[in-house]
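Here's a quick briefing on how this fold is put together. Have a look at the sequence and the model first, then go through the notes by topic.

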Amino acid sequence: MPTVTLTDEQMDRCHVDAQRRLQAATSNEQLFVSGRNRYDIDLIGCMGELAVALYMGREWIGEGQDGNCGDVMGLEVRTSFYKDEPDPKYRLIIRPKDKDALYVLCIAKDNQVVIAGWAGSWSVRHFGKPIYEEGTYGLERSKLYKMEDLQEVCEFEEAT
């Protein structure tokens, strides 16, 4: 699995955008999610997006751009915190209002980001298991496609 180590400068970019996202939060309810500080969630999200952009050789859209074009040139990125436990359960999660797109799962710890794999939203909704609230599905990490396959899919789409 690809692992991207972010430099201090790249981490600074992530901190800046996480702060921008925090300021854009529309209510105090959004400041804490699942017992975590919203800033921490936004920071690892930025780290995952930047890692995927670097790995795929694509532009990172996150920095203040319109979210309709995807986090990384048409790709949506989901990043989980690293879990220091014997058998961590990582899942690619799709929520009810998420758009139809290709989603990439990343796992972040410190300045390291593992790019765990990818799947289309259709696959997550049909082969994943219901979790959390109604309409939210999670596809286990072991069932994701390899990143090398995503490179081929993107190259094919660009050629057509």
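β4 and β6 run parallel to each other and pair over seven bridges; strands count as paired if DSSP finds at least two bridges between them. Within that part of the structure, Phe 81 has Ala 108 in β6 as its bridge partner. Keep in mind that this is a predicted model, where local features need pLDDT of at least 70, side-chain atom pairs count only at pLDDT 80 or more, and totals for chains, interfaces and linings use all residues. Residues are numbered from 1 along each chain as its sequence is written, and side-chain values use heavy atoms, leaving out hydrogens and water.

**The sheet**
- The open sheet has four strands in the order β1-β7-β6-β4, with mixed pairing; strands (E, at least two residues) and helices (H or I, at least four) are DSSP runs, numbered from the N terminus.
- β1 (3-5) and β4 sit at the edges with a single partner strand each, so one side of each has no neighbour in the sheet.

**Helix α2**
- α2 packs on the sheet and touches β1, β4, β6 and β7, contact being heavy atoms within 4.5 Å.
- Of the 19 residues in α2, 15 are buried, so the helix is largely enclosed by the rest of the structure; buried means under 20% relative accessible area, exposed over 50%, and partly exposed in between, with a 1.4 Å probe and protein chains only.
- Asn 37 caps the N-terminal end of α2, with a side-chain oxygen 2.6 Å from the backbone nitrogen of Tyr 39.
- Just after α2, Gly 57 has a positive phi of about 70 degrees.

**Nonpolar cores**
- The largest nonpolar core has 28 residues, and those touching the most other members are Leu 6, Cys 14, Met 47, Val 52, Val 104 and Leu 150; such a core is a set of buried Ala, Val, Leu, Ile, Met, Phe, Trp, Tyr and Cys residues joined through side-chain atoms within 4.5 Å.
- α2 gives the most to this core, with 10 residues.
- A second, separate core of 12 residues includes Tyr 90, Ile 94, Leu 139 and Leu 144.

**Arg 78**
- Arg 78 is placed in strand β4 and is buried, at 15% relative accessible area.
- The Arg 78 side chain makes a polar contact with the side chain of Asp 98 at 3.0 Å; that term means a pair of N or O atoms within 3.5 Å where, within protein, one must be able to donate a hydrogen and the other to accept it, and residues adjacent in sequence count only if both atoms are side-chain atoms.
- The backbone oxygen of Ile 93 lies 2.5 Å from a polar atom of the Arg 78 side chain.

Definitions and conventions:
Axes fitted to C-alpha atoms, helices over the stretch in contact; angles between N-to-C directions.
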